[in-house]
Amino acid sequence: MADVLRRPAVTPGKGGEAGKGAANAGGRSVPGWLWALPPVAALGVFFLHPLALVVRQSFTPEEGGTSVEPYTELFASEVFHEALTTTVWIALASTAGCLLLGFVLALVIAFVPFPGGKAVAKFIDVFLSFPSFLITLALLFLYGTTGVANGLWTSATGAATGPVDFLTTPWGVVLAEITYFTPFVMRPLLAAFSQIDTAQLDVASSLGARPSRIVRRVILPEALPALAAGGSLVLVMCLNEFGIVLFTGAKGVTTLPMLVYSKAILESDYPSACAVAVVNVLLSVGLYGLYRVVSRRAGA
């Protein structure tokens, strides 16, 4: 027993080295780059390879060979200029509407107690799983030419048609996108609001600060990173939205995704369609890169 008590203890450093040596002796560890091979291979097969084919097709005119002719014709096309302008302004308007509406709704859910508040917050998560065309169909059912609103008007006045006819305009597309994408802004905002110490709000209120001042000076600074994250996500998704524009049947509203569909399916002009797709991808990636730079400088 005395010998055992006199035995020197193993220092942590030596013990760690002994354990490491035993692990190496028991079997060779797998290099880290081997673990990266499966996801990289899957990414290359299912994403990078099809994208490379699209890029190659965009430089292959119908006559054959390799040329920038598809891009030259595309950039000289008035249809492309209108589609690019329409895509950008609809995306910006929809994103601004989502940020404003999402911030207000998230404020109410997070800080205004009312019956069913938790159920509404959970419904936001469920709403994120809905397909975009389902929301568009619901809006058509309410505000379409033969929708509920026009039906009530024609029944009450006897008129042949109702006064509500904005869903087939660009503003109808904006309304549908705001309705669908607002929860994508609310989700990160609700998570950010849950981290705010309510004691700060109580102190500000006890010092006589009005609700608008509390929101502006206490809540909004904490919500800016979440607003930036949700807004950038919504902006990129609005730039690439196809289903909402298609299902609203908006007349004269041609976005870049709709132009890809028109060139590829209706006109069978695959080089032009691929060129539009490449421009759309570059626009989305460029905006995302700009968001990353701004958020990094802002410390988001």
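1. Ser268, which comes just after H13, takes a positive phi of about 55 degrees; helices such as this one are DSSP runs of H or I with at least four residues, strands are runs of E with at least two, and both are numbered from the N terminus. Within helix H13 (residues 256-266), the buried residues are Leu256, Pro257, Met258, Leu259, Ser262, Lys263 and Ala264, where buried means under 20% relative accessible area with a 1.4 Å probe and protein chains only.

2. On provenance, this is a predicted model, in which local features need pLDDT of at least 70 and side-chain atom pairs count only at pLDDT 80 or more, while totals for chains, interfaces and linings use all residues. Residues are numbered from 1 along each chain as its sequence is written, and side-chain values use heavy atoms, with hydrogens and water left out.

3. The chain holds 14 helices and zero strands. Of its 300 residues, 31% are buried, and among contacts (heavy atoms within 4.5 Å) between residues at least 6 apart in sequence, 70% join residues at least 24 apart.

4. Helix H9 (residues 170-193) and H11 have axes that come within 8 Å and cross at roughly 145 degrees, the axes being lines fitted to C-alpha atoms over the stretch in contact and the angles running from 0 to 180 degrees between N-to-C directions. The crossing is right-handed, a label given if the near helix is turned clockwise from the far one by less than a right angle. Among the residues that make the contact are Phe181, Phe184 and Phe193 of H9 and Gly230, Gly231 and Met237 of H11. The contact residues divide into 15 nonpolar, two polar and two charged, with Ala, Val, Leu, Ile, Met, Phe, Trp, Tyr, Cys and Pro counted as nonpolar, Asp, Glu, Lys and Arg as charged, and the others, Gly among them, as polar.

5. The cavity count is one at 30 Å³ or more, a cavity being a set of points on a 1 Å grid over the protein atoms alone where a 1.4 Å probe fits but cannot get out, with lining residues having an atom within 4 Å of a point. The largest cavity has about 50 Å³ of space, its volume being that filled by probe spheres set on points joined across faces, edges and corners.

6. The lining of the largest cavity includes Thr86, Ile90, Glu177, Cys238, Glu241 and Pro257. Helix H5 (78-111) and helix H11 (211-239) are the elements that give two or more residues to this lining, and H5 gives the most, with four. By class, the lining divides into six nonpolar, three polar and two charged residues.

Definitions and conventions: 1 Å grid on protein atoms, 1.4 Å probe; cavity = no way out; pocket = protein on both sides within 12 Å on 5 of 7 lines; lining within 4 Å. Buried < 20%, exposed > 50% of the residue type's maximum accessible area, 1.4 Å probe, protein only.
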